Amino acid sequence: MKCSVCDGRAVIKIAYAGVHLCEKHFSSYFEQRFLETIRLLRMVERGERVAVAVSGGKDSLALLYLMSKYSDALGVEIVAVLADEGIRGYREEKARAAEAYAKKWSVELVVRSFREEFGFTLDEAVSALMADGLKYKPCTVCGVFRRYVLNRVALELGADKLATAHNLDDEAQAFLMNAIQANLPSIAREGPRSGRIHEKLVPRVKPLYFIPEKEVLAYALLSGIESPQVECPYIVYSLRHQLRRWLNEVAEQDPGVKHRVIALKNSLAPLFERGGSFRSCRACGMPSSGEVCKTCWFKQYIARLLASRQSACCAARVNHFNV
Ligand code: SF4
């Protein structure tokens, strides 16, 4: 199949646009859309410091690559931030990839672990949650803690913006999850960019918001970006994972479906109260929709579970020696 722009061999079909593109024209189409999204939505201003959230996966590495490639053109300084959840067999490998690429592209990388911030790893938290009947899913806790860590580190670094690699698929999945859970404030709040709605919340921007995951992965591949083929062991508990599979199946027959979900989301969002109001958490002072933020609530809840497991374990040992 030939490229729709030149005589070169096509490497990708952009089904929703009805074109095939060769490596060169796909990469320039992709980079143009990245830059246009940033410029049209005024995601960054010249002279700003932008913290780029990286996980070591292909999407976030592609974003870090693009931000470093265009930092001069955009007039911004960038720094990479990685939240280490403490997921054995998964996080170490991805973090190694993030460290290697940050070094290659000469970007400072700041790593902050859940253990440093909360006193326990996600693995420890999940084993305590499981013993308690898994009332909260690993991804729910992980997402709350990760957002907190990224924001906190971005604040400490004096970042003006926090850029994340959410793509069109992520946003379509998030919209469907919020719709299923009737979470209207989140539908209203989660767009391609957020304002400074609290002094301690670094505004977020999502330069890949309008780009399908398949194209982000193709761009990463063509740019020579590799990521270890390891999957988080907790993904099986994730509703998002199920929705992702379902949406991909639907998109095989109907390539424009994800774009229409995003269009629906964007047209519904203004109908709801814009983002609701934030106050400061009574415990940590960070932004919160209630008196105590979700991070502090989960932190206390999990610390209590871990403490009760510890004392049950000590009691069992004492009984063992008393026998
Ligand atoms: Fe965290 Fe869930 Fe992602 Fe694993 S799959 S890293 S638990 S959000």
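## Cysteines, a strand crossover and a pocket

The sulfur of C284 lies 3.7 Å from the closest cysteine sulfur, that of C296, which is too far for a bond. A disulfide here is a pair of cysteine sulfur atoms within 2.5 Å, and a search of the whole structure finds zero of them.

This is a predicted model: local features need pLDDT of at least 70, side-chain atom pairs count only at pLDDT 80 or more, and totals for chains, interfaces and linings use all residues. Residues are numbered from 1 along each chain as its sequence is written, and side-chain values use heavy atoms, with hydrogens and water left out.

Two cysteines are partly exposed, between the limits for buried (under 20% relative accessible area) and exposed (over 50%; 1.4 Å probe, protein chains only).

| Cysteine | Relative accessible area |
|---|---|
| C139 | 36% |
| C284 | 24% |

Strands β4 (residues 77–84) and β5 (residues 109–113) run parallel and are joined by five bridges; strands pair if DSSP finds at least two bridges between them. A83 has R112 in β5 as its bridge partner. From β4 the chain crosses through helix α4 (residues 91–104) to β5, in a right-handed β-α-β crossover. Right-handed means that, with the strands pointing away from the viewer, the path from the first strand over the helix to the second runs clockwise.

The lining of the second largest pocket divides into eight nonpolar, two polar and seven charged residues. Charged covers Asp, Glu, Lys and Arg; nonpolar covers Ala, Val, Leu, Ile, Met, Phe, Trp, Tyr, Cys and Pro; the others, Gly among them, are polar.

Key: Helix = DSSP H or I, 4+ residues; strand = E, 2+ residues; numbered from the N terminus.
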